[in-house]
Structure formats: C-alpha cells, structure tokens
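Q: I am new to this structure and would like to learn how to read it. Can we go through it feature by feature?

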Amino acid sequence: MFTRILYTVTKPMAIGKLVSYFSPASTVTIHDAYRYSVLITLILFLQPLFNHTYYMRMIETAQQIRIGLCSLVYRKSLKLSTSSLIEITNGKIVTIISKDVMLFETMLQFINEVWIGIVQVIAMTYVMYTQIGVPALIGIGFLVLLTPLQGVVAKLTMKTKLKVLARFDERIRLIQEVLSTIQIIKIYTWENYFRKLVDAIRKSEVSKLRIMYYLKVITIALGHMSSKISFYICIVTYTLFHESITAEKAFVVLSCYGGIQHALNIAIPLGIYQFAETKSSVKRIKKFLLSPEVSSEGTSNIYEHTSPTLYTGDKEKRIELYNIQPACVKTTDLSVEVLKGQPILHNINLHLCPGLYAVCGPIGSGKSTLLKALLNDLPVVNGKLNINGSCSYASQDPWLFPGTIRQNILFGLPFEHERYNHIVDICGLRRDFEILPDGDSTLVNDRGLNLSKGQQARVNLARAIYKNADIYLLDSPLSALDATVCKQVFETCFKKFLQKKICIVVMHQVQFLKEVDKILILKDGRLESEGTFGELNTKSIHFGMDTIQDHVQGNEVTEKDGNGSSDVEADETTKLLDDFGIHKEAKKLYAENKKEGKVEWSVYKSYFKLAGGWKTLPFLFILSCLQQTFQTGFDYFISYWINVEENLYVQRWNGTTNSTIYEETLAEKKIIPLFYTILIVSATVFTIANSVYIFILFSLANKRLHNICFWQIIQAPMAFFDLNLSGNILNRFSKDVNVVDEHIPILFFQCIRLSLIVIGIVVSLSIVKIGFLAVSIGFASVLFLCQRIYLPTSRSLKRLDGVTRSPVIGHLNASLEGLTTIRASGVQNILAEQFDKHQDLHSSASYMYLSTNRAFGFYIDMFCVAYSMIIMFSLLLFSPTNAGKVGLALNLAFGLGTLLQFWIRQWTELENQMTSVERILEYRDIQTEDASGSTPENWPNRGCVQYSDVHMKYPKTNQEVLKGMNFIIEPGQKIGIIGRTGAGKTSVISALFRLYDLSEGHIRIGDVDIKSLEIRNVRSKISIIPQNPIIFSGTIRSNLDPNREYDDSSIWRVLDDVGLKTLIMGLDSGLEHKTQDGGSNFSTGQKQLICLARAALRNNKIVVLDEATANIDLQTDILVQETIKKKFGHCTILMIAHKLNTVLDSDKVMVVNNGQIVEFDKPEVLLNDKESNFYYLVSQSGLLKKSS
C-alpha cells in the first residue's frame, strides 16, 4: 500500500512540472524536464511490478479461502440432520459450492482495493490542496456526498442478490430432480411440464439478474462520471477565487484525478457492489453452517467407545454404562421425530441381543424410521436409546456412487481377499462378476442406474455385510431379488454368516418369517406386537391379511436350466460397461469432451443470434458512437479549457488585459461551463442508455441459451444419460450458466466500451501530433500479437478448469444422495479426503489459469511503459508550444497504456469465459429423440401388443439384450413376465416405451407399428407403475395430474380406489399439500400407492407393472392387486414380477432368459408340463398344491 500511495502522489506532481516546461512563462529547464521524465518512467515501471506481486498474493489467499470454505461446506453437509435436509435442498448446497463460495475470490481483491482507494483519495486530496487550496476540498466533498447513494445501491444489490440466489437454488434443485428421474419423466411424457417449470424459474431468475445489471450500471456510471464532475467543480471553484489557473496546477489536479480514477471508477464502486453480493452469500453460508446436525456423538462415532453410551432426549446428558452384554440394542419409551413437534415413532421398547429380527408392518408404520433411529440419525425427543456395538446399514433404496463395484463394496475399508470373496458369494454377485468383462472393476454411474435393480440391491447389501460390525440394520434388502438369490441370501448371509450378530431386517417376504428369531410388528409408529412366528400365530396377530400362517408359503420366482438348476445368464449386466464404452480401457468417471483450439466463430454467432441478431446492431452502434463522441469531446474540451485559462493567466502576467484578444478569451471562458455541463450530462445519459441496452440484450440471450439447451437435454434419448454423469450436466447448468449470467455481459460491455475509448484516445492523440497515430497502431499491434500468443494457453487452462470442476460437483451430489449410508458406515473422513482430492485437482487448474493471466498482465504492462516513454520523450524532443495539448497527450498516453492492457486482458478473458457458452451450446447440438410420426385419433382402439423378431442393443455395444423376441398379447390379457434379475424383463418394457431404438424387428400396438407414431403419443397411451416409486417435489395434484387434464372429482375417486383418500384429506391443503424432494414426507408404500393412482387416472388400455409390489407390505400388496383387478380389469397388463402368487392368475406367463422367451403360455398349461421352467418354479416355491 505504501509504495502504491508513494507513486500515486509523486506521479501527478512530476507530470505537473513536466507540463509546466511547455508554458510560455515556465522556469523549468530542459534538463529538469528530462529528470522529471525519468522519474515518471521509473514510477510507471515500479507500478505494475508491485501491483502484480500484490495481486498474486491476493489470488493465493482467495484460493485458500475458497478451498477452505468448500471443504467446510462439504463436511457440514455430511453432518446435516434429517430436518435440515428437508429445508436445505441438494440444489442449494450445490449453489453454495459453485456460486456463493466463488464470490470470495473477487471480493477479497476488491475489498482491499476499497480501503486502499480511500487512502489514495485522501493522499491525492492533500496533493491537490497544496496546489489549489480549498477548491480541492470542495471537489472531493462532492464525492463524499455520493457515498450514501452508493450505500443505497449496495443495499439494493444485496437484497436482489439474495433473490437471484434463491431462484438459482430452485432451478438447480429442479434440474437435479429431472436428471435423477429422467426415465420416468419420459415414460409419463411430462417433459413439457418440467420444461415450463424450469423456464418459469429461469425467467424469474433473469428478471432479478436484470435488476442486478442495472444496479451495476448505476455503480459504474456514478464512479466514472463523478470524477469528471468533481474535477469540473474544483477548476470552476478555483477560477472564481483566482480568476484563472495555470496549466501546471490544472494538470496536477487532472493527474491526481487520473491517479485515483481506478479507485473512483472501478475499485470503490465495484468493491462496494462486490461486498454487497458477498455479504448476501455470507448470510446464506452462515445459515447453512448453523443448520442442525445429527447428534454430536455421531452415527458412527458412538460405536468407538469401549463402553456403551446411553442417549436421552436431553442432549446435555450422557451416561457411561458398564457390565452390559456386548452387541445389545435397547430402547426405552423411545420417540423420534423428523420435523419438530411431529413424532414419527412413539414409545418404542426393545431389548435385542444377537439374533435375526424381522421388522414388518403396513405402509407408513415407521419401519425405515426405526432403523434410522437405531442409527442415531434422527433426534430423540423422548425416552432412551442404548446401542452397544458398531452398526452397518443397507438403505431401502440402493445407493451406489460413481466408481467401481469393488470400491462400492469396500467403501473405504481395507481389502481382505477371503472375506471379500465370501461376501460376493453369499450376496449372489459371483455370476455377475463372471459375465462382466471387467468383473468387479466395472465402473458404476450415478446411483448405479446402469445396473438392474437386483444388482443394485445386492451391491448395496454386500457393502453393508462387508463391514465387520456388531449390529446390521438392513432395510428391505430382499425386495428386488429373485427367489433363488433371495433364499440364498437369507440362508447363507442372514442365518449363517450373521448368526452371531444382531441382524434387524425390514422384510415383506413372509415365507421367511418362520425362520427368524423374533418378529417386530409396527403400526402407526408404535410397536404393536413382537414375538416369534409361533407366538404371534397363536395370538392370531393380524399381519395385513387373515393370519400370518395363510401366507408363509414361498412365492417368489427363481429359474432353472435344462438340468433343473437355477443358472440363468444375465444380459443386462453387459450394458454397464458398454454404455460407458469402457471395455478393457480405463475411463475416467467424469471425463468430458474437452475441445481444443480457439472458440469457434460459430459460438459467438450463435450467442449473438440469441441476443437478437443483426437487427440489434444499428441501435447499439448509434448509442455507442454517441456515448464515445461525448466522452472524447469531454476529454478534448478539458485541453481547450485549460488553454483558455493559460492564455488568460499569461495575458494578466504580461499586463495585456485591455486588449481585444483578452476580451475574446474572457468571453470564451464564460460559455465553457455551459458546454462542459452539456458534455457531462450527455456522456452520462448515453453511457447509461448504452449499458442498459447491452445488458437487456445479453439477459435475453442468456435466458434463451439456457432454455434451448435444457429443452435439448430433456428431449435427449436415454443413451445420452447413460453416457453422461449428472455431475457433468449440473456443472454446466450451475457454474457455466453463472459465468454466462454474471461475467460475460460485463466483459462484453467492457470490451465494447474500452474499444470506443481507445479509438477516442487515439483520435485525440493524433490531433495533438499526427505521428502518434503510427506509434499507437504499432503498439496496439504488439499487444494484439502478445494476446494471440497467450490465448491458446489461457483458453486451454480455462477449459481444463471447467472439466476438473465436474468431479467436485458430482462427488458432492453423490454424497448428498447417500448421507445415511455414509454416516452409518463411518466413512465421512474418507469421502472428505476424496472431495479434497477432487478439489485439489480443480484448484490446480484454476490457480494455473489465474497465475498465467496475471503474468500476461505484467508483460502487457511493461509494453505500456515503453509506449508511454515513447510518447513522453517524443514531446520533449519535438517541443510543442501548447501546454494544454502536451498535458492532454501525456494524460491520454498514460491512460491509453493502462486502457489498452486492460482492454486486451478483458478481451482475452472474454474469449476464455466464452468457453462456458461453448460448453453449454454443446447440449444444443446433441441428438434428440425422433419426434416425427403420426398421432391417430382413438388409438389404440384395442390393447393388442405384438413383438415381431425384436432385437435391441444398448448404446455403444454389439451385444444384444433382446434377441429375436416374438409374441402376441391379445386385448385385455394379463401377462406375467418372470425371470432372474438381469434376464431382460426390463428391456422388454424399455422397448415398448421406445426408450431405446430397436436394431431389428417391429412392435405393434393395435396393428400399428409404434415406430411410425409420434414417440410421446406412444408413451402417453401406456400406463406404468414402477418398482421404485417416484414422487416429484411439488404437490399431490402435480404428482398425479401436472397438466391439469382431470377435475378434482376424478382425482379424489382414484385416491379413494387406492386407499389414500383419507390420508390426503387429513393433510394440510389436501391435493395442494406440498411433497418434499423424492417424496421424503411419505413412506415407500404410500409413494407406491400414489404411483398406482397416477396410472389409474390416465385410464389407458395398456398397463405395465414393473415389480410394483416388490417394496411394499402384504396388506398394501393385497390392496394394489385388488385395485389392479378393479381399475385395470379391462386393460392389457404386462406384469414384471418376482412374486409368483401375483402371476398365477395371469392369462399367460412369459419366462425370460438371456433376452429370449423361454416359455410363453397359460399358467395351467405350463404347470401340466412337469419339464417346464414354470412348473419347477412353482413346485420349488410351495405353491403347486395351492395352484392346482
């Protein structure tokens, strides 16, 4: 700071002395002039040397702050309580990492510039005071009076910034939700609905951004014009008291204002603006960091204690217990809640020692909540919870993170070869590893969506079992498994491998209840009954149907080969690698298509076209020319004014005040204030008008850019989402869109403004001396050449910065989706270290980009010093007699050097930041689903489905997943589709919904080839009830009828049919009741019933049930089956099922194996054939006698 103030003070005084040399009455000699020139050159050299060193230190400090805050935010996110996660969406956390934290990098630089600028202003005020006295204080006083106005603008900026960030959060959350549920959105044909939602949020966000732009324009205009007005006030005030001013004094004052121009025009106004922006982000970060956390004792940390720990509702009390049998779970009157004042579990009393426990109960009874409560993941509001031993947990919805299958199983634990292989065997994964080209080294994408549901469930279970714990909490681990694997897992894993452990399993497979040590039955959040199967049966405990014993028969599907063994090859597993195009080569999970070379002109052209195209140019050109004309006229008018004052001063000094020339000069002086005022007002008006027009154009372009690319994304085929991780897509719609919104408009504005200013200065210099035109052109050419040399490196580093940011966002997103599993596994530190590695990689690219940018700025500044020297010594060598023109030339030359290097750097930065536009525009050009085809009326008139030689391949693979399928389903038939996990059942449905293109064959519905029909028309005519119920954030109504096609009575009727009417009517706002992200305020069973109501409401002739009852209890299963018979009795039904009791009453049963139909006939026909696969399945399940 000291060096900056030193040369800021010295430079104006040296310039004043040098200018005075050219005055007629000057006492400065030529030797003095050269000495002042050398002094100025030294100052010009030292200035960038110290400045760039200072800025590099600021960059390093800012990087450290950003890295520290990102790590802190990530670690905090791993501790958030369930209630916090309801309020703080994943989108908000992504916004904090990608946007809020980034503001600290620019804020740190500008906030220092503010107070340094204030000190500079004070120092310059003193220098001006020594030259012109009190008028200097009056001029500076005007600037002080503007401070409250800047404060008002800053306050408005902060409020608007909070609104912008709120819309940004909402948009990212919604895009995140769309990406995670894109398959079901396509099946429901709800793309337009979500497009309108995102567009509406984006429109609101851009409208708030425009206000931000206007405030920034006001801030910049105030800073830019206030210094000119202040200078005008100083000179006018001085001439009122002293009649005239010398050129030396005038140019000392003008140089002082030039010295603090950066502080007045950029540092202070933008610093205040940036501080206001950052303050709003600090509030958001502070609120996030102060959000409630899970118990400080921790989900995993409590198991580290050598003695058991007692937890009570009072967090201040912690009692160490001794002499309690190891591996013990004990609760006393335990009550827990998610939202304050709304307990979910009530007065639970348990005492569990090593053994196998089954948790059962109807939907919404609190089964999953009980496991989370035992994990200490929910706040205890009453009672006591004692856990003695370490815990491991498998979530109901399998959570897999991007990585290899082995990494998902080990989850940070050391690799123990013998234990690992044993876990793989008892979890039924050995066969899958043998089929996969890379075995357990196969890469898994987001949430494991490129694995079948059964494979996801088994990897999820294997991770929980691999951890050597005392207590295993397993939430519905068998629901997605076929009977063979299900039985294998139950017997080899639960009964044998975990026989000395406490194993608490939420299960709906009643055939296993006889073999567990105790059954826990929950209802309405209370422990209704507990005991062995015999005890509960004796008491005739109702279990959602008549009695337990009525449904203890095995009823799930397995499959046999020709020798009677269950040995079926999985075909869908091959999709895992081939979708990624991995095969034997290693491929980075977050790899992106990183372009090379310059940003193509087509990118600029496309972006400009989105802003309105060529028709916007004439008005922009006129505004820009008028703005610069008045700006240049203003600068040249100063020279004219000072010449007039100098002439008056000389004439008085010579005693010629009675001459006609004096009177004419005096008359010229009187009209100067009027012209000056006109120039200032005009320049200010056209500056603001031009700025506002530019920002309007770019806000329009940014809105269109986002909406067009999002629409392309949502129309993309499923193959695109198989190949692109959601972290990569979110990165572009968060960070890259933020760059486009907040940086590119400013950079374009600055480039246009600086281009015009440079042209104006060159013109003014040419008027002073025509030779300066050649010097200026040569100098500009050198700078342009430097920019061309530097730009390829800078651009590549900027692209690398964008690419390395994707793993940071992806890792954060994946972690937020599996928080309970992460905390239960106690791997927070491991994942935090992994996050730090991702961040280190990104920070390396970011730091390299910023440091090379600063180095480029330093070399450009050195060229500017050389340019200023040429101008200055040329003036000395050729000695013009007009001091006003000399002063003007020097100030313009010094200013031009700074402006040119700033212009070149801004131009370079614009090209670098345009890589964000380039990255977003890549999505504009992606292939979309073929929307062509006819939309016949009253189609289908009957629900006939015919597959003719259907072959289907997943993207990037030559291996077929459907191999010549041929079958016909008559209207109104109910078809049960069974087969081992990965046999191709889901692929049959994917082909029906045209999620993937057929390589051969045809599918006809109602005698019409569906390929000839418009794709959304096909999907809209088929209803589906998925295995994993998807509930979108919004309302009950928007989840059932987002396009408002049905009246309330129709909606209430289907809710009544599925048994939800009473529940929904009891909620606040009824159909308008808010649904949380993923339907977290509903149980899995309730969500499945909502999906059933959604399908019933559409009243289609064809219905697909994709293992719709896999994750629900028996009572709900019966309700679903009855509703299907009632609502869909007239429909053609394709039912994918593991439970054989749900397909025994089907018209036909289809047994699928390896993408082919093994058997397809009536159940009774297949049962009469004792060699059939179906007969074997039924006989093994114990249903043969009942079915016969």
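Q: Which residues of helix 32 (residues 1048–1057) are buried?
A: A residue counts as buried when its relative accessible area is under 20%. In this predicted model, S1050, I1051, V1054, L1055 and D1057 of helix 32 are buried. They lie on the same side of helix 32, because the arc they cover around the axis is only 160 degrees. Just after helix 32 comes G1059, with a positive phi of about 80 degrees.

Q: What is the strand order in the open sheet of four strands?
A: The order is 15-14-17-18, and the pairing is antiparallel.

Q: How many bridges join strand 14 and strand 17?
A: Strand 14 (residues 945–953) pairs with strand 17 (residues 998–1005) over six bridges, in the antiparallel sense. Within this pair, V945 stands opposite I1005 of strand 17. Helix 29 (residues 985–992) packs on this sheet and touches strand 14, strand 15 and strand 17. The direction of helix 29 makes about 110 degrees with that of strand 14.

Q: Which strands stand at the edges of the open sheet of six strands?
A: That sheet has the order 7-10-11-5-12-13 and mixed pairing. Its edges are strand 7 (391–394) and strand 13 (526–531); each has a single partner strand, so one side of each is left without a neighbour in the sheet. From one strand to the next, the twist averages 15 degrees.

Q: In which sense do strand 7 and strand 10 pair, parallel or antiparallel?
A: Strand 7 and strand 10 (residues 471–475) pair in the parallel sense, over four bridges. Y472 in strand 10 is the bridge partner of S392.

Note on methods
Residues are numbered from 1 along each chain as its sequence is written. This is a predicted model: local features need pLDDT of at least 70, side-chain atom pairs count only at pLDDT 80 or more; totals for chains, interfaces and linings use all residues. Side-chain values use heavy atoms; hydrogens and water are left out. Two strands pair if DSSP finds at least two bridges between them. Helices (H or I, at least four residues) and strands (E, at least two) are DSSP runs, numbered from the N terminus. Contact means heavy atoms within 4.5 Å. Axes are lines fitted to C-alpha atoms, for helices over the stretch in contact, and angles run from 0 to 180 degrees between N-to-C directions. Buried means under 20% relative accessible area, exposed over 50%, partly exposed in between (1.4 Å probe, protein chains only). The arc is that of the directions from the helix axis to the C-beta atoms.
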